[in-house]
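Work through these exercises with the model open beside you. Try each task before you read its solution.

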Amino acid sequence: MLAAARQLHPENGIRWFEDAMPHLKFLGNETFGFIILSAVWMFVPEKDRHEAARRLSNLIRPGGKIAVSLRPLTGTEPGFFSRDDIQRTATIFAANGLTTVERYDQADTLGRPDRNWTTLVFQMPGYLAVS
């Protein structure tokens, strides 16, 4: 996926990282104003989600946001998918200092009728300086 993303977006100014949750150890002490987890959270095992949210909260700058897309499972997915629960996800991020500030519900962009998505946007308290 990383190779495809690099090919699709060859423009300068994008820094690509190859890492894995829950530890995201290669990011070190890097911080970001915005993090997006699009169709990612379902691959994080439930036993690792608190640690993943804690690590993400350490990567986000004060005032920064994290967007997490979730989708209810239909029961036909492979066993490596974790159940996406909106309230439980919000609770995990809240326990790590982030507040839910937005929620978007939408149909699947690939047109699959059995799939709907919810995106939760979490914000770290504080001021985000614009540079």
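Helices (H or I, at least four residues) and strands (E, at least two) are DSSP runs, numbered from the N terminus. The model used here is predicted.

**Exercise 1. Find the pattern that the protein follows along the sequence.**

Solution. 
Step 1: Count the elements. The protein has three helices and four strands.
Step 2: Read them along the sequence. The pattern is α-β-α-β-α-β-β.
Step 3: Residues 24 or more positions apart account for 67% of them.

**Exercise 2. Describe the largest nonpolar core and the elements that build it.**

Solution. 
Step 1: Start with burial. The protein has 131 residues, and 34% of them count as buried.
Step 2: Size the core. The largest nonpolar core holds 22 residues. Ile35, Trp41, Leu56, Ile66, Val68 and Phe93 have the most contacts inside it.
Step 3: Assign the elements. Two or more core residues come from each of strand 1, helix 2, strand 2 (60–70), helix 3 (86–94) and strand 4.
Step 4: Leaving out residues up to four places away in sequence, Val68 touches Leu37, Trp41, Phe93, Thr118, Thr119, Leu120 and Phe122.

**Exercise 3. Sort out helix 2: which residues are buried, and where do they pack?**

Solution. 
Step 1: List the buried residues of helix 2. They are Arg49, Ala52, Ala53, Arg55, Leu56, Ser57 and Leu59.
Step 2: Find their partners. The buried residues of helix 2 pack against strand 1, strand 2 and helix 3.
Step 3: Turn to histidine 50, which also sits in helix 2. Its relative accessible area is 45%. Buried means under 20% and exposed means over 50%, so histidine 50 is partly exposed.
Step 4: Check its contacts. Beyond residues up to four places away in sequence, histidine 50 touches Ile92 and Asn96.
Step 5: Compare sequence and space. Histidine 50 and isoleucine 92 are 42 residues apart along the chain, with 6.0 Å between their C-alpha atoms.

**Exercise 4. Describe the largest pocket and its lining.**

Solution. 
Step 1: Take the volume. The largest pocket contains about 1,700 Å³ of space.
Step 2: Look at the lining of this pocket, 42 residues. Closest to the centre are Met1, Ile36, Leu37, Ser38 and Val40.
Step 3: Sort the lining by class. There are 28 nonpolar, seven polar and seven charged residues.
Step 4: Trace the elements. Helix 1 (2–8), strand 1 (32–37), helix 2 (49–59), strand 3 (99–107) and strand 4 (116–123) each supply at least two lining residues. Strand 1 gives the largest share, five residues.

**Exercise 5. Inspect the backbone at proline 22, leucine 24 and alanine 39.**

Solution. 
Step 1: Most residues other than glycine have a negative phi, and most peptide bonds are trans.
Step 2: Visit the loop between helix 1 and strand 1, where proline 22 lies. The peptide bond from methionine 21 to proline 22 is cis, with omega near 15 degrees.
Step 3: Stay in that loop for leucine 24. Leucine 24 has a positive phi, near 45 degrees. It is buried, with a relative accessible area of 9%.
Step 4: Move to alanine 39, in the loop between strand 1 and helix 2. Phi of alanine 39 is positive too, about 55 degrees. With a relative accessible area of 28%, alanine 39 is partly exposed.

Methods. Residues numbered from 1 in each chain as written. Predicted model: local features only at pLDDT ≥ 70, side-chain atom pairs only at ≥ 80, totals over all residues. Heavy atoms only, no water. 1 Å grid on protein atoms, 1.4 Å probe; cavity = no way out; pocket = protein on both sides within 12 Å on 5 of 7 lines; lining within 4 Å. Points joined across faces, edges and corners; volume = space filled by probe spheres on them. Nonpolar A, V, L, I, M, F, W, Y, C, P; charged D, E, K, R; others polar. Core = buried A, V, L, I, M, F, W, Y, C linked by side-chain atoms within 4.5 Å. Buried < 20%, exposed > 50% of the residue type's maximum accessible area, 1.4 Å probe, protein only. Contact = heavy atoms within 4.5 Å.
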